[in-house]
Amino acid sequence: MRPLLFTVLFWVVAPAVLVVHLLGAPTYPAWLGVAAIVGLLAVVVALWFALPWEITTTRRAVSIAFVIACVVLGAVDGSGLVAPLLLIGLGNVTQVFGTRWAFGTLAVTVVLFVVGGMVIYGQDWVTALRSASTSAVLCAFGISVAAAVRKAVLQAEEIRRLAVAEERARMAREMHDSLGHYLTVVKVGLENAERLRERATDKAWDEVRQAKLLTMEALTETRRSVRALRPLVLDGRRGSDALRELARTFDGLRVRLQVTGQEREIGPDAEIVLYRAFQEGLTNVLRHAQAAEVVAELSFAPDRVVLMISDDGRGAEAVDGFGLVGLGERVEALGGAVTAGNRAAGGFELRVEIPA
């Protein structure tokens with residue numbers, strides 16, 4: 001996603017360069033002509049639309065091409081107006097390649113500007129260096145700001161990965177403890193049934209039936225844990241398809257999911273939060289609500305995405321459980337909000353809203 005400041009800066013500077021030369025106030029040598037300036041500016045604008053801003057992008061060559069185009073335009077323009085465009089290009093190189101690449105590119109750029117000033121404009125090297133240094137200071141400041149932003153993005157991604165790893169480790173511990181308990185009790189029950197099978201047949205069958213019930217509970221608990229550990233992409237599904245696939249894993253619960261508005265990509269972080277919200281809502285219904293049906297609505301508006309989950313169960317006495325509190329924190333981290341409570345018509349409703 002392009003930074004807003006860079007976008008505003010680009011669309012202020014690029015037209016300004018064009019207007020200066022179209023109004024007949026050229027600062028370039030007469031042999032170049034306004035057509036050369038317009039052509040170079042068109043190349044810069046075309047590359048602007050293709051600039052990648054993701055750290056993991058595979059289109060890195062576009063970043064270098066944009067900087068080269070800005071350097072050539074600045075060298076032949078001579079007015080100094082192109083310096084902000086070069087700042088944008090170096091900021092993009094910082095975001096895509098890293099700080100070392102950006103400062104290395106800046107050093108090469110300064111050399112090219114000095115050589116261009118001497119060759120194209122006939123300046124002595126001191127004057128050319130002085131002129132290039134002014135732009136270099138501005139660009140160095142821009143690189144420093146872009147480097148800070150890049151570091152923050154990388155740290156946020158690392159925190160997210162650690163949070164996912166921690167959650168998976170916690171779920172693994174829960175599975176181990178829960179299954180260990182169930183299997184131990186089932187083992188003891190079956191041993192009792194084996195010991196009582198001849199002298200107390202009824203008690204032996206009671207132990208077998210109890211072991212069967214505990215086995216079913218253990219299976220349900222395992223499925224719940226597996227749902228929490230499953231990746232967001234379920235056999236290639238995303239969005240509402242992933243939610244429908246999740247709903248199908250809740251045995252014994254009838255879920256109707258409807259989508260309103262034009263469904264679109266909302267980004268991985270928001271999609272994970274909606275997936276977990278849907279999972280939390282259905283898990284609570286299955287555990288506590290004694291509901292016959294769940295109705296879910298995934299609504300897409302221009303400025304937000306809303307997920308509502310309501311059931312026809314008995315409602316809840318409290319809405320401050322650990323799961324809902326954790327969900328609220330995750331949603332608030334994206335600038336959204338969670339509301340939950342009993343419905344006037346009966347049942348419980350969970351509403352998750354995330355800015356688009």
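User: In which helix do Asp206 and Arg209 both lie?
Analyst: This is a predicted model, in which local features need pLDDT of at least 70 and side-chain atom pairs count only at pLDDT 80 or more, while totals for chains, interfaces and linings use all residues. Residues are numbered from 1 along each chain as its sequence is written, and side-chain values use heavy atoms, with hydrogens and water left out. Helices (DSSP runs of H or I, at least four residues) and strands (runs of E, at least two) are numbered from the N terminus. Asp206 and Arg209 are 3 residues apart, about one turn of the helix, and both belong to residues 201–229, which form helix α7.

User: How far apart are the closest N and O atoms of Asp206 and Arg209?
Analyst: A salt bridge is counted when a side-chain nitrogen of Lys or Arg is within 4 Å of a carboxyl oxygen of Asp or Glu. Asp206 is partly exposed at a relative accessible area of 43%, and Arg209 is also partly exposed, at 47%, where the class lies between buried (under 20%) and exposed (over 50%), with a 1.4 Å probe and protein chains only. Asp206 and Arg209 form a salt bridge in which the closest N and O atoms are separated by 2.5 Å.

User: Which residue meets Glu293 in a salt bridge of 3.0 Å, N to O?
Analyst: Arg254, Arg256 and Glu293 are linked in a network of salt bridges. The side chain that meets Glu293 at 3.0 Å, N to O, is that of Arg256. Glu293 lies in strand β2 and its partner in strand β1, so the pair ties together parts that are 37 residues apart in sequence.

User: Which residue in β3 does Glu297 stand opposite?
Analyst: The strands β2 and β3 (residues 304–311) run antiparallel and are joined by 8 bridges, with a hairpin of 2 residues between them. Within this arrangement, Glu297 stands opposite Met308.

User: Which helix gives the most residues to the nonpolar patch?
Analyst: Val111, Val115, Met118, Val119, Trp125, Val126 and Leu129 make up a nonpolar surface patch with about 640 Å² of accessible area together, computed by the Shrake-Rupley method with a 1.4 Å probe and only the protein chains shown as cover. Patch residues have over 30% relative accessible area and no salt bridge, like charges being joined within 9 Å and nonpolar side chains (Val, Leu, Ile, Met, Phe, Trp, Tyr) within 5 Å. Both α5 (99–120) and α6 (125–196) supply at least two residues of the patch. The helix that gives the most, with 4 residues, is α5.

Conventions. Pairing = 2+ DSSP bridges.
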